[in-house]
Every structure is written in structure tokens, then in C-alpha cells.
Amino acid sequence: MKSQNLVGEIVSKPYKYGFVTDIETEKISKGLTEEVVRQISAKKKEPQFLLDFRLKAYKHWLTMTEPNWAELGYKKLNYQDIIYYAAPRDNEKKASLDEVDPKLLETFDKLGIPLTEQKRLSNVAVDAVFDSVSIATTYKEKLAEHGVVFCSITEAVAEYPELIEQYLGSVVPLNDNFFATLNSAVFSDGSFVFIPKGIDCPMELSSYFRINSGDIGQFERTLIIAEESSSVSYLEGCTAPMFDTNTLHAAVVEIVVLDDASVKYSTVQNWYSGDENGVGGIYNFVTKRGHCRGVRSKISWSQVETGSAITWKYPSCILQGEDSVGEFYSVALTNHLQKADTGTKMIHVGPRTKSTIVSKGISAGKSLNSYRGLVQIGPKAIGSKNYSQCDSMLIGDNAAANTFPYIRSQNPSSCIEHEASTCRISEDKLFYLQSRGIGFEEAVSMIVSGFCRDVFNQLPMEFAAEADKLLALKLEGSVG
Amino acid sequence: MINSNSELILEISDLHAQVEGQKILNGVDLQIRSGEIHALMGRNGSGKSTLSKVLAGHPAYKVTNGKVLYRGEDLLGFEPEERARLGLFLGFQYPVEIPGVSNIEFLRVSTNSRRKQLGEEELDIFSFEDFVDSRLKLVQMNPSFLERSVNEGFSGGEKKRNEILQMALLEPILSILDETDSGLDIDALRIVAGGVNQLTNQDNATLLITHYQRLLDEIKPDFVHVMSSGRILRTGGSELARELEDSGYEWIENELPKTGES
Amino acid sequence: MDRERITKDGRKLKMSLQETKLWESLSEPRGPLASIQLSARESLKSRGMPAASEETWRLTDFQLLESILHLPLSSSASESNCSSVFDMPSPPTEGFRLMLSPGSEPLGLESLPKGFNLLNSEELKEVLGKALEHCGSNEDWSVGLNNSCVDNVLALRVEGIDLPSLELVISGKDGEFSATRVILLVEKNTHLNFLQVLLGAFNSAHSHLIEIHLAENASLNHEWLAFGGGKSSFLSHIAVEQQPKSDYSFTSIQKGWLFSRFEPCLVQVNGQASTKFRGLQIADSNEQIATNSTIRFDGPEGDLDQLHKGIAAGTSHSIFNGCIEVPQPAQRTSAAQLSRNLLLSNRSRVDTKPELKIVADDVRCTHGATVTELQEEQLFYMRSRGIEQIAAANLLLRGYCQEIISSLPMSFDRWKVLEHVLEGLRG
Ligand SMILES: Nc1ncnc2c1ncn2[C@@H]1O[C@H](COP(=O)(O)OP(=O)(O)OP(=O)(O)O)[C@@H](O)[C@H]1O
Ligand SMILES: [Mg+2]
């Protein structure tokens, strides 16, 4: 037991991304009205169809009630007290990075995502989103040589309106749920990816989301389209400064995958989670969904969720194409008073579809970590298979872990297997490592990262090491 | 014992098979006559169990080419249970556990299905118990295993003995024993081998899949085959097994391609 | 207030509870439970019918639920008609049988064996509703419904050693809704074998509520057979309270109900007890069979071993919701729950949701769920031994049920459980 207490004494490192960039920001006034929706659309010089889309969503949103999830009990948000659009004053997207405000470049430098030619990551193209707008996208030209489009959604609306009109809202309909509908009305920016037929995207694509202002909501929208026989790996990272108010982040990600194509979507989410008393932090209410439309298409979600005061997120797959494959690999770590309710939905529609779910939840402090998932095998999904494994690790006796797997099958030739377990860091393992001379802290983090290994293995190389470090950092001081 | 005039029980020619879309067997040729004992060896993953499953008719394995004659008939046209009734027996490398189904009941139904085929009288519960008793001795198995569910909670060695018990009950013509020796302690190995020896005669044949000389010291094979990448790479007498024990598989694989080898 | 309910075919149901035949047939509250009846009716009236928006009712076929409520309440005055679709075996040789019918004293009560005593009204007052309260079941709709209807309770205290086993048979009445309630106190150091049989008859509906208290060191083997027939239905709630060092083994079988909802709830009030649940439910033709089990540990070192099996054939719907709660005081709890389901037809449906809610760190909790057809490897193994596909499948099906049925020492033979369970089923 002594060792367990000892673990408790190691204290959390402060959130190192908590700084605020001092930059002149253009904000529209607080609150949400039809006028605000029109204003956002006008600022972005959007075509009529998109304005109509937004207005329809807004009108529908007015009729909806905010979900009341028992396990998430959070302070209700005042939607009239949020700023729905904020952008650095000088927000015309620059043709060259040299013209971008150095303060912004410096910000991303500090976040470890250098954007400038000399310093940028060699094999990753980055779309950097600051508050409501995308400020830079690297390697655009190189990608264009392969026909790959990677840009902000705002640019995509201007340059590829037909694609946007065809696909936006086709996976997550504008009336899908309270937060997705809100997003559909007010989304500001985000990334757009289009991989043409037969192309394996030559580099990793990455978006980095930064919330800077304390009183804005970030509503980014991401759309990824993978045409026949193409493939892409996409990463998403996020941070925010420390404020003692709660900031809303309600994103929507839609992925469409055609025949034989595959998309790998990885997230390392490290929004500010509030302090140890639960003051401040991001409310992260996100709708992510992929549609495997084509035969043998594949979507793989991997996520490492460590930040946010509240996370509400279920990256899902609709497996429609025959032999399509959905995967979900997740590590969710909560500490202090964080609450995470995350999981996935695997909707098997087509024959011989397969899905795999691996979820690792680690709850420390007084946090609550829930896995909530749905596996549904429809009557036509002949010979389909699902395997789910949901493990929780509890650190300290005030932490809570829940598992809510919803399982439905309507097809006798299909097979669903779900396994879940809950444990704590085993003293035997700790002892074994310590008896080989490994320090206590290190032993704990070895065990935790061993616990998460199956998920980390799914992350792109650059991210896996990062995620491991992040976890160790987050955990310091929580074990006990 | 080799007698080239004896009945040809199994004749495999150019057999190709796949599972889950993956090609595993790539042209197997093999002939087995009655009275013969064959040993099949080869590296892990070379396709030995796959061959045995294909012969027994496992639905997950798809034959893509080639043919198999069993006593002159097209084996691949039969359902798994028909093959069993015709006297083909597979002792599984990993026998499955079947919770809730009692071992004795299972053995009785299965024995009777074979007896029916042979035109023998089916056994009722009581006469079956007597019959089982006599066979239990052959494998020196404790009768308490009969009351338990099929293989459930059996140790590795107990499962293998249960397989040989089934062989003794079904009196097969061709027995394929897939690593029946693995997991057995030294005494058990002798018992099982003794059982097999007692069950073999001039009218039946055995294909032993094994990794170890140990078993072949107990059951003398007439032929030893080495499998590699889904093909039989080399065939020899019992001395081949000893060479393998000493030098591993590499030398055979390196020797190739060799032509005209039989 | 009534919320909207939508039937399978999308029809909206708007019927309110007060319009049902059942409600209209309720008589003035009377008997020892009069005050409970009164308050339950009040709260049920304001609550209305359950709705799909409530988590534990979300999969309910409300049309079937409502049809139950269209039967009038059976009263003691009505003909006792225990003849169900079932041939009743003779009572256990080492025990005795009670026949319970609504509103009247149970048959066979005149001569209770030594060790079995009825509670007097003082004692009754003290224990009535206690287990429900500890299990947190008081707000449950099925409990409210039972409380509204039932006007008598069979309350037994059991104490001693070498007791005869108790068999309690409850039969539904064709065309009527019956409600029964039982309280069972198993005292210290007492071991009891208790079989409950619930028999449906043609178009009968039944609401049953039982509270069980296990004192320290008590042990109870509880077998529960619920065999319906025709269009019969039941709603049943069990609330069990276990003191430390007690041992509770519960095995339930549900088959043949057009609609059934079974709610076993258990709390280990101070942990340190041992609980074993075994359940088998079989849904065929157009039936909906549901089990909602809740198990909570309010103290340390409790132990749970739960295995629930479901089979769905025809166009039926089999539902299992199993919740395990391990709050902070329940350190060193060890709980395992497994939900296994077989789908036998491509128009049937299985929903299962095994839930864990854990706030204690030093625990070992696992759960699992599977939905499959018969295992291909097992089928192949049998076929490779010469057993025909259909025979092998039936053997497997039997084995699948046997695993549960084998923990019915009291009833297995006498009630021919395996035969009843397998009747009409095809692997
Ligand atoms: N059901 C299956 N699904 C996918 N791959 C399979 C399946 N069965 C066999 N394989 C693969 O086929 C190859 C041959 O397997 P097999 O079991 O026949 O080998 P083996 O020679 O018996 O090996 P061992 O000596 O280890 O028993 C292996 O690579 C194995 O992974
Ligand atoms: Mg093998």
C-alpha cells in the first residue's frame, strides 16, 4: 500500500500550453441569432447554398433541447454568452507564410508545430486553425502535384463548392444532434481533404486547433473524402489557454470513403482541462462520423484524449459497403474533476463488415471516465463480425469508471464479442519492475503505457511517442 | 508395413487450399496405402494442420485446386460427418471445448453414427458404457472424464487422450493425428502411442503429424514427409526424421529446388 | 402526464393508465397493504406509463405491455383455476409445496413445517418494503404496478437447520391479471432450498414482487421457473438484500411468454457476501423477453458470478440489461458478468447491455457479452465425429442450455426443465 500512497505524492505538471497570444482579435458580438449566422456566412463570403444550410440548421437547433446525460452533469451553458466568431484582426489568408503575423507563427512554434519553411515538420502537412480561422496550410503545392486537396474548409467552399455541396452534411445530417446542429449553423473553419482516385497521399496531413480567446466557442468542421482506391492518414491536435471559464468546442468531422479506399484519423486531444478544482476547461462536444460507402473501404479512428473538462465524443463508422472495415482505438485519461464520456458506434449495414474496438480508460483523481459504445448488426449484414475490448484502470479510490456497451444483433450469421475489465495498477507488476531497479514513477508510467500499448501502436510514429509522454505528464501526481 | 499391393486409402493430388482468402496449401501430393504409417513434419505454419482440416472437411477452408480420393471416392464431395462415418478420423491439434454437452453422450452419438454406417447394431446407454469401459483402458483414462462436458477444463494432455479414446471408439480406417504428442508427459506419450499401436493393423492407416522424434520412436513410421510452404518438399524413411531432429529444416529447404525427387 | 410511446409499426400509443381495464377493475384499497396501495396508485397515476425515453424501458414493446393492462384484476372471488398448460409434478419429497393465488391465503398454509413461520402484522410492518428500498427499486414502475394491485402478502420467516425445501407455485388465470407479493426472511445460519414456479395460462398476465432478506451466514438456493404459454405475460421484480457472509444462488428460466420483463435486483448491504446468478431466457415466435438485473455492492469484499444466456428464435426479441455497481466502499469486490446470446433466426433480434459502474480502485470486475450463432468450430468438431449437422446443432443447443439448467438441483428432474426448454427449439 505504501507504494500506492507514494504515487499519490507525485504532482501534476502545469499545463504547458496555457499561455495566451496577445493579438488583436476581431470578434462579432456575443450571442446567437439568425443575424449572427448570416454575419458569419457573409464574413466568409459564402455561396447561397451554404447560407441556406446554416439557416436551416439554426432553425432546427432552436427546436432542440440540450441533451441531459446523467453521467455528465455539467453546468449548463448560456448560448447567448458565447462569441461565435473570432479571428485575428488581419485575417485575410496570406499567400506566403512570410506575411502571416509573426505572433501567430510564434504561437504555433511554442506549441511545437512550427509552420515556417525552415522549421516545419518534414513529412507532415499542417493546417493551423487559430480561434475561428485557418491561418496557414503547409505543403499545399506539393500535395497538389498528386491531386490531393488539403486546405481550410473556407477555401474549399470558394474553390470546390460542388464537392462541399455534395458531401457536407451527408454523413452527419444537420439535424443529427444538438451540438452537431449548432455546429452546422455556426461553424467557422476547419480542414478539407480530398484524395483523388488511386492516390496514396504522400504525406501525413495534420490539423492543429488552437483556441486563444476565452469567450469564444470553437466550431470547426472537417470534411475528408477518399475516392476509390485512395488512402490517407490524418492527424488532429488541439490545445487552448487556461481560462477559468468554460469554453465550448463543438466540432463536426465527416469522412466519406469509397471503394477500396482507407482513411486513418488520429487525434491527440489536449484541450485545457480546468484546474484541480474543476474550474475552467474546455467542454468538448464533438461529433465524428465516417461512412464506409464503398466495398472494402476502411476507416480507422485512433484517439488519445487527455484534455478538456468534459469530453463527449463517439467517433463512429457506418459500415455500408460490402467487406468494409471500421476500427476504433482509444485511450482516454481523466484526472482531477475531468469527465470523459467517449466510445464509438459501429453500425454494420453491409455484408461481411468487420469492426474492432479497443478502448482503454484511465481515471485518476476524482474524475469520471465512461466508455459508451454501440455495436449494431443489421439484418442484411450477413457474416459480419465485431470484437470489442474495453479496459479501465482506476488510480485512487475516488476515481470512477463506467462501461456502457450497447449491443444489438439482428443477424444470426454474425458474431459480436465484447470484453471488459477493470483493474488498478497491479502491485505485483510494480514490484517486479522496482525489483529490477526501475524507479517508482517510471514503473507506473511503464505500466500505464503498457496498458495503452494496443492503442499507441495504431498511432502514426510521430504521435505515438508524443502520446506516451503526454500520458506520463498528465498522470504525474495522480497515482495513489 | 509397406505392401505396394495393398489398398490405396488416400490419394491427394496437387491440392491447393486457402483460408480467409490466404493461400496455405500450394500443391500437396500424397498417397497412403492400408497398413502404412506416415509421419508429416515441418516448420510451424507450414500447413500441416491445414491439410488435416481440409481432409476432414472444415467449412472455413476452401479447396481451390486438386483432388483427393479416399478409397477411390471423391473425398471432397462429402460432408464432414460423412467422412467420419466412412472411417476418416482427425485427432485435433487443438480440440475445442463444448460446454454443457456431456462427453459420454457425445461419444455415444458419434460412435453410433459410425456403427450404423458399418451396419453394426447401435448401442444403448448401458451397452455403450461397457464398450467405453473397455476402450478407456486402452488410453488409461479415468472414467470421471466421461461425465464432464466435452473437453471442458481438460488439461492439454487430457484433451489428447480424449481424442485417442474417440479414435478407439470409432475404429477408423484412416487416422490423422495432429500433434497428438504435444502436451503429453512421458508416461502419457507411451500410453497414447501404445493405444495407437494397438489400433493399427493391416487394414487401416495412420498419418502422424508431429515435431518430435520421441513419438516416432514409439510409433515407427514407414514414411516421413516434410512440409514447407504448403507443399511436401521431401519424402523419406524413418531416418529422415532423425536427420531433422539433428539438423533442423534448413538444409532441406536450402537444397531446393530439386527435381525428380519423389 | 403521459409521454408518447411508439409501437413497432410506428403507431403512437396514447392510452393512459387510468383508461385501462386493469385500473378500472381495481377495488378500494383494503387489507394490510391498503395504505401502500393507495400511495402507489397516486404516484403511478402521476407517473403514467413508462416511456421509451427511460433507459430501462427503451426497448420495450409497448403494445404488448399495454395489452397486459387490458385484463381485469383477478380477485380472490374469482374461480381458482390453476390448471395451466402444464402438468404439475408431485411436490418434492424432502419438502413441501405452497400454491399461491392472488387475494387469498396460499393453499397448504394450515400446516407449515417446523422452521417456517408467517410474520405477524407487527413484524410485517417492519420488513415490508425494506429490501425494495435498499435496492433502490421503489420508484420502479413494475414495483408501483404491483403495489397498486396487490392486497395481500405472503410473508415467511425461515429459521433452523435441515429444513425441508420450499416450493411455491403461482399460476396465472386465463383472461385475468393477477398480482402476488411475497416476503422471505432467511435467518442466521439457515440454509434453504427455494423453488418458485410461475405458470402462465393462455391469456393470463401476472405481476409478481418478492423481497428476500438473507441474514448473516444464511444461504439460499433460489430456483425460479417461469413457463408461460399461449399469450401469457409477466412482470416480475425481485429485491434481495444480503448481509455479510451470506450466500445467494439464483437460477432463473424464462420461456413461453408473449411478453415478459424480469427485474432481479440485489444489494450486498455490507459486502462480504457471495452471489451467484444464472439465467436462461428463450424467446420464440413473436415474443419479447427481457431481463434487467441490477447488482450493487455497498461494502467491501463482495463476490459476484453472473452468467446470463439468451436465445432468440422466430421473430422474437431477447433483451438483457445487466448493471453492476461498485461504489467506493466496495473495495476488493470481485465481480464477473457474462451475457451470452444465440440468434437462431434472421428475423429475431438480440439486445444486450452489460454495464459496469465503478468507483473503487481495488476491484476485479469483468464483463463480457457475445452474440453469435452456434459456434462453427464446435459444430465441425462434432461433425468430424460423424454426427449430422442438425443433430450436432441440437446437441450444442442443449449443451448451451444445460450449462444453466445444471444449477437447478431442486427442479431439474421433477419439472423436466430441459425438455420444456428445448421443446420447439431448433438449432
Ligand atoms: N483460420 C485461419 N485463418 C487465418 N490463417 C490461418 C487459419 N488457419 C491457418 N492459418 C494460417 O495458415 C498457415 C498454416 O497453418 P497450419 O495451422 O496449417 O500450420 P502447421 O503446419 O499446422 O503449424 P504448427 O506446427 O504450428 O501446428 C499459418 O500461417 C496460419 O497462420
Ligand atoms: Mg498444426
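Mentor: Start with a helix. This is a predicted model. Look at helix α6 of chain C, residues 141–149: 9 of its 9 residues are buried, so the helix is largely enclosed by the rest of the structure.

Trainee: Are B:S49 and B:Q93 buried or exposed?

Mentor: Both are buried.

Trainee: Now ligand 1. Which residues come nearest to it?

Mentor: There are 16 residues around ligand 1, and B:G45, B:K48, B:S49, B:T50 and B:H211 come nearest. Then look for polar contacts. A backbone N or O atom of B:G47 is 3.0 Å from an oxygen atom of ligand 1. A polar backbone atom of B:S46 is 3.2 Å from an oxygen atom of the ligand. The side chain of B:Y61 has an N or O atom 3.1 Å from a nitrogen atom of ligand 1.

Trainee: How much of ligand 1 does the protein bury?

Mentor: Alone, ligand 1 exposes 640 Å², and the protein buries 68% of that. Two elements of chain B give two or more residues to the shell: β2 (22–33) and α1 (48–56). α1(B) gives the most, with 3 residues. By class, the shell has 9 polar, 4 charged and 3 nonpolar residues.

Trainee: How do I read aromatic pairs?

Mentor: A pair of aromatic rings is described by the distance of the centres and the angle of the planes. This structure holds 29 aromatic pairs over all chains. Take A:F285 and A:W312: their ring centres are 6.0 Å apart and their planes are at 75°, so the pair is edge-to-face. A:F285 lies in strand β13 (residues 281–292) of chain A and A:W312 in strand β15 (residues 310–313) of chain A, so this pair ties together parts 27 residues apart in sequence. A:F285 is buried, at 1% relative accessibility. A:W312 is buried as well, at 7%.

Trainee: What about C:Y248 and C:F277?

Mentor: They form an edge-to-face pair, 6.3 Å centre to centre with 70° between the planes. C:Y248 is in strand β12 and C:F277 in strand β14 of chain C, 29 residues apart. Both residues are buried.

Trainee: Last topic: backbone angles. What should I look for?

Mentor: Most residues other than glycine have a negative phi, and most peptide bonds are trans. Here, A:R296 has a positive phi, near 55°. A:R296 is in the loop between β13 and β14 (298–305) of chain A, and counts as partly exposed at 47% relative accessibility.

Trainee: Where does B:E20 lie?

Mentor: B:E20 is in the loop between β1 (8–19) and β2 of chain B. Its phi is positive, about 50°, although B:E20 is not a glycine. B:E20 is exposed, with a relative accessible area of 73%.

Key. Residues numbered from 1 in each chain as written. Chains lettered and ligands numbered in written order. Predicted model: local features only at pLDDT ≥ 70, side-chain atom pairs only at ≥ 80, totals over all residues. Heavy atoms only, no water. Near = heavy atom within 4 Å. Polar contact = N/O pair within 3.5 Å; in protein donor to acceptor, adjacent residues only side chain to side chain. Areas by Shrake-Rupley, 256 points an atom, 1.4 Å probe, with all protein chains shown as cover. Helix = DSSP H or I, 4+ residues; strand = E, 2+ residues; numbered from the N terminus. Nonpolar A, V, L, I, M, F, W, Y, C, P; charged D, E, K, R; others polar. Buried < 20%, exposed > 50% of the residue type's maximum accessible area, 1.4 Å probe, protein only. Phe/Tyr/Trp six-rings, centres within 6.5 Å; stacked < 30°, edge-to-face > 60°.
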